[in-house]
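Thanks for making time this morning.

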Amino acid sequence: MSLALILLFVLTNGVSTYASDDVTGHWHEKELRLMIEKGIMKGYGDGVYKPDGQVTRGQFAVIMTRSLKLEVPEEGVIFTDVDEKSGMMDEILAAADAGLITGYGDGTFKPSANISRQHMAVLMKRALDYKGIKDRSSALTFADTDKILKDYHSAVSNTVNYGIFLGSANNHFRPLDNATRGDAAAVVSRFLTVVENSGTVPEPPVKPEPPVKPAPTYDVATIQANGSTVVVKKYAKYAEALAALKADQVIQYDGAIIKMPSGIVVSQPTAASSLTNIYTTKDLRTAATYVSADTELEYISSTDTYVEVRMAGKTGFIKQENALLLPWKSVKERSYYSVSNGILTHSIYSNKNARFVSYQAGKAPSFMTAGERYYSWDGINFTKVNGQTAGSAYQYFQYLPARSTTNYTAEEIDAYIMTMLQQLERDNPKNATYKDAATKSKLIGLGKYLKEVEQKEKVNALLILSLAQHESAYGMSARAQEYNNLFGLKVYDDRPVAEYFETVESNIDELLKSYFNLNYIPPNAPYANGAVFGNKALGFNVKYASDPYWGAKAAGHWYRMDKMMGGKDLANAYNIGLTGSTGLNVRTGPGTSNTAVYKYKNTGLPIIIVDNKTNAPWVKIVSDDKKYNELFVHGDYVKTIPVVK
């Protein structure tokens, strides 16, 4: 069950208790305390109730169920995205049975979605109907009435006329604003007052809605040496501020920098999602990929609506609401690469937490020196701290196509798995995750099946295993242990619900059938961007995971695996090339008279070169279509890449 819903609080009488919580002094304090004392709203412990935190559809359904003391039906509405693990199922089903809430056409309820003020008004009107309170609708006169959905006018009118909802000081209802926990406490408290008064209109509350802030301005500011800013002049319009902007200045809006000369962009979550979409064009309509919050992006330029960024060497656009702009003078730390004992380590800086987390990416390029920091936006092209070019190199396993074959046998893979699990137990005696790993891990004994699917499905056995290690903590994560889900299939950033599989073998089958061999590897597949782990510019990482370094981290597992087993795969490395044009034809033989089986729709996609001399200028490659083994492309459109060996 969700901690946000089931954590009980201990309510102690006395002023000292109130003074130690985050409700004291809040403009909804009276209503919040009433809801807390009635047990309708529960906190997070230690006096934390988050009155300004946004409330979700599921949470508000729970609040309504408790306020009306609804009973859970034995049979009733079933939502596909609400189960016992959500911690809200009983209350949601009770609210649905009472007719207070409804779901969507696809059978979902979307309990984690935030609820807007106008949607909350609809639910409160249904609660009025449930209690038999007569209709008091009338014409709406808010200044923003045009923003309220017409179907919701009656609900808004009724709740306003009963004093359940109030307008703001300048006569706005703010229908699209997401409701807060304080808002929820206020409207439910007022609703209960209406019920107690048998539907009579209560006296207007003494406290008004919070005052509307003055309209934000576009401020031209200078950047100080310590990274702070000093406002030079304020403007009502962005165009006016832009016209006055000097090369070394920034533009701020509502206190946040929206335009700067240069620096770093850090992705920010919003109320709607933890993810940041990176769009292909500045109209922000078509998303090419997405990244998790707190990701560093290369800044190119910006306007008042978008920020142009570069991720993994590829240009895109993000919404201003997703961007924290940091001019170089404001950058205290940033992510970097380093080398130790011949291993390339990527240290990722969290601007939110002001700390580093690191992972091993693979073998370090020869141009790197131990003890030095290196910067790279794509993990391929590196610069020194002084900005000078250090060199370029690709990590072999990060760009090795899936249609390759490992040199290791099933027995060697099983032996590696046991050695690795025993090492995890030995090196992490206090880490409960790896307790009894050598007897409980879901990876044990998978060598034979991995080699079977490698031959049948034409996906490298170690690619599958490295992904399983990365996603499932070597088969020891709760999701792996309880649900046989090694790869996080059907688990998303904003919907972390585990999907159950009968066996780990069926989980592997699902990965290959419904993901890799359907949507990712075939060149004409919906998510085809190259059949490699890759990064946010190419490969599986473009669409498979929000973590921008997911591909590099998974490849790091592959590298360490190969190293522990003797390094046979890297020692016998495939020759990897990149496609050099869009719409590149792949043919059954060396010549245009041969049939074009498929096309590579994008440029710069990794392919395995089998032979580039026998039929020159034609190049024999490993087919990304599993129906074929080897095909041909014209050599003018293929270039080999420098991989670290």
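What you see is a predicted model, in which local features need pLDDT of at least 70 and side-chain atom pairs count only at pLDDT 80 or more, while totals for chains, interfaces and linings use all residues. Residues are numbered from 1 along each chain as its sequence is written, and side-chain values use heavy atoms, with hydrogens and water left out.

Let me start with the aromatic rings. Rings of Phe, Tyr and Trp (its six-membered ring) are taken to pair if their centres lie within 6.5 Å, with planes under 30 degrees apart called stacked, over 60 edge-to-face, and the rest tilted. By this rule there are 26 aromatic pairs. One of them joins Tyr337 and Phe382, an edge-to-face pair with 5.2 Å centre to centre and 90° between the planes. Tyr337 belongs to strand β12 (residues 336-340) and Phe382 to strand β16 (residues 381-384), so this pair ties together parts that are 45 residues apart in sequence; helices (H or I, at least four residues) and strands (E, at least two) are DSSP runs, numbered from the N terminus. Tyr337 is buried at 5% relative accessibility, and Phe382 is buried at 1%, where buried means under 20% relative accessible area, exposed over 50%, and partly exposed in between (1.4 Å probe, protein chains only).

What is the geometry of the rings of Phe516 and Tyr544? Their centres are 6.1 Å apart and their planes are at 50°, so the pair is tilted. Both of these residues, Phe516 and Tyr544, are buried, and both belong to one aromatic cluster, whose members include Tyr515, Tyr520 and Trp550.

Turning to charges, one sits over a ring if NZ of Lys or CZ of Arg is within 6 Å of the ring centre and within 35 degrees of the ring normal. Arg117 lies over the face of Phe173, 4.8 Å from the ring centre, and the charged end of Arg373 sits over the ring of Tyr336, at 3.8 Å from its centre.

In helix α3 (residues 29-37), the buried residues include Glu29, Leu32 and Ile36, and α3 is followed by Gly39, with a positive phi near 75°.

Finally, Thr289 is found in strand β7 (residues 287-292), and Thr289 is buried, with a relative accessible area of 5%.
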